[in-house]
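Student: I'd like to go through this structure piece by piece. Can we start once it is on screen?

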Amino acid sequence: MSSDGALLELQEVSKRFGPVQALDRVDFAVNAGEVVGLVGDNGAGKSTLVKTIAGIHSADEGSIRFEGNEIKVSKPQDATQLGIATVYQDLALCDNLDVVANIFLGQEEISPGPGEATRQLDEAKMEHRAGELLSSLAVTIPSMRTEVGTLSGGQRQQVAVARSLLGEPRVVLLDEPTAALGVPQTKQVLELIGRLRERGLGVVVISHNLSNIFEVADRIVVLRLGKATGDFQAEGTTEEHVVAAITGVGEAGNGNKEEG
Amino acid sequence: MKGEGAATPASAAGRLSFVNGESVRRLVQGDLASARVVLGLVVIWIIFQSQNDRFLSAENLTNLMLQITAIGLISVGIVYVLLLGEIDLSVGAVSGLAAGVMAVLNVKHGWSPYLAIVAAILVGTAIGLLQGSLFSRFAIPSFVVTLAGLLAWQGALLQVLGSTGTINLTNPKITGLANTFYSDAFGWIFCALVIAGFAAVVLFGHRRRVAAGLAAESVPTLVFRVALVATISIVAVAVLNSDRGVPLALLILLAFVVGMEYVVKRTRFGRHVYAVGGSAEAARRAGIRVNAVRVTVFAIAGSMAAIGGIMAASRLLAVNQGSGGSELLLLAIAGPVIAGTSLFGGRGSVWTALLGALVIGSISNGMDLLALSSAVKFMVTGGVLLLAVLVDAIARQQRQAAGRV
């Protein structure tokens, strides 16, 4: 566990929904410039863990440290303000609006002048900034004024990721970013994740697709039945090791807490 | 919540990447839709003119402008509601009630016409706030809330009018709203201001884009747009001047169309209206106060209905038990839909309120000139609405086939 100077660190975090122990004393950390793959079977607690970090659920027990300071995230805005951005699987884009409008949704730039409510949107500034952002991520979109509804799934995912970067976060959580994407589009998105790492961000990727995770992750954390059952360096680990940790069969990684 | 916006990632994944140019898409989806309606309007005008050569006379066209003012103003508010993907069935009744309030306050209670008008508009605003709050706080479908409103406000109008049933308007400030015409010189000055203003907006927008290093429209396109607006303005003023002059009612309608189009297309609030109409969940997660947007939109619809009702009363010189009733509501909704505003939310513009009112007003006016019966009028108007929605639906299917596959 690389806890020296971790950007985001969870210690012994537990979360219970009624009789279900969704998270059971989970330790988890992300460093700057690191991609962590979070894997596990359905109901293993991946989404709960991400939602706990993102402020949708608050942890029952345990501590969360961000840049070395203990933090409390009780609502999504807390996480956003701290610099933790989340891109959910359903992306939450407005299909009827263009790329620029979606990237700036809820954070529109307006022209200077009196009377905020009647002031004009600064479309030129937004389009300029959105263009810079997308080109810095090497995202190709036919036009900044294309309606998002007409884009491919991969392009939509890239727009959603770009939007999450507008507030200059330090950590980005991606929930199933490659689900339902074709091969070339998956490649685009994985390349984008690589560029997030190059920018020095801490990236957490939830995925069911182990080959995607191996392609992009530096470290792979396995959850099983609410417990962290494995923490592997991606290099030198085989899929069999990870599958074993996910299913609970045989040996697990260096964080073994297996009970059979 | 909105069926139209629900492209799943799975279906998105099946699409090949997109080759059509942006300008092509804009033309197919937006400008062409407007062009189609304008073309339809031209066809309607040619048909009526061929049947009765008084149709395109200056006098009749001026009458047409006066006839569409009330419905156009109500439609402006309806456009906002439609952009949310909601409906407001109470606007007709609200327009009648607001006119009734104005008449009672001015005629029976001797209020100044200005105060009576402001009070009437505030009644519309308050009703919109109430209905919008009920809709958003308790998640009652807007259809039901405003249907209840339709009944209740009709009753309120009867209550306000009392036993007399009809109140005649005599105050020149109120009757002047729909019966004032300006001199030829004023008409031309107004025309020059419109052209200069439009050219300035186009030029300023172009400069900003160039300064920001963004792709901008070519100069011939800009010149064409300004020339088009200039031609329409000059022809319109020339026609109106050859009859009674530019009517105040038309200026009021145009001012609201332009102002509310600015709000919906250029301000942060307007952007949020489109966002909520496109995907309320996405808007909520982006930090937009969805319920505040909804309540504001219903308040706008109520206010615009009141303003439309005041203009209708001014033109009729009276408020009676039938004010705001009969087909007014349905035509006010049909207009923007005919002209291209989607019933499913997120797509459309305030401009369609004017265009739709022109189409519906022309049909109604033309059939009156031909002395057709109400029976025929209703059936033809219904047919035109169906045709317009059908054309729109077919265009959407083609767009999906062409742009999304």
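Tutor: What follows covers the chains, their contacts, some helices and a few single residues. This is a predicted model, in which local features need pLDDT of at least 70, side-chain atom pairs count only at pLDDT 80 or more, and totals for chains, interfaces and linings use all residues. Residues are numbered from 1 along each chain as its sequence is written, and chains are lettered from A and ligands numbered from 1 in the order in which they are written.

Student: How many helices and strands are in chain B?

Tutor: Chain B has 16 helices and two strands. Both are DSSP runs, numbered from the N terminus: helices are H or I with at least four residues, strands are E with at least two.

Student: And what share of chain B is buried?

Tutor: Of its 405 residues, 43% are buried. Buried is a count: 20 or more other C-beta atoms within 10 Å of the residue's own, with 12 or fewer called exposed, anything in between partly exposed, and the C-beta atoms placed from the backbone.

Student: What part of the contacts in chain B comes from residues 24 or more positions apart?

Tutor: They make up 79% of the contacts with a separation of 6 or more. Two residues are in contact if their C-beta atoms, placed from the backbone, lie within 7 Å.

Student: Domains next. How is chain B divided?

Tutor: Domain 1 of chain B is 56-180 + 258-385, and domain 2 is 181-246. The bounds come from an automatic or database domain assignment. The centres of these two domains of chain B, taken over C-alpha atoms, are 28 Å apart.

Student: How many residues are in contact between those two?

Tutor: Five residues of domain 1 of chain B are in contact with six of domain 2 of chain B. On the domain 1 side, two are nonpolar, two polar and one charged. For these classes, Ala, Val, Leu, Ile, Met, Phe, Trp, Tyr, Cys and Pro are nonpolar, Asp, Glu, Lys and Arg are charged, and the others, Gly among them, are polar.

Student: What does the assignment give for chain A?

Tutor: Domain 1 of chain A takes in 1-83 + 169-260, and domain 2 takes in 90-151. Between their centres, over C-alpha atoms, there are 30 Å.

Student: Now the two chains together. How many residues of each are in contact?

Tutor: Contacts join 35 residues of chain A to 36 residues of chain B. In chain A, α4 (123-136) and α5 (153-164) each supply at least two residues of that side. α4(A) gives the most, with four residues. By class, the chain A side has 15 nonpolar, 13 polar and seven charged residues.

Student: What about α4(B), why is it largely enclosed?

Tutor: Because 15 of its 18 residues are buried, α4(B) is largely enclosed by the rest of the structure. B:G110, which follows α4(B), has a positive phi near 70°.

Student: And how many residues of α14(B) are buried?

Tutor: Helix α14 (residues 328-338) of chain B has 10 of its 11 residues buried, including B:L328, B:I333 and B:P336. Just after α14(B), B:G340 has a positive phi of about 115°.

Student: Which residue other than glycine has a positive phi near 50°?

Tutor: That is A:E67, in the loop between β4 (61-66) and β5 (69-71) of chain A. A:E67 is partly exposed, with 15 other C-beta atoms within 10 Å.
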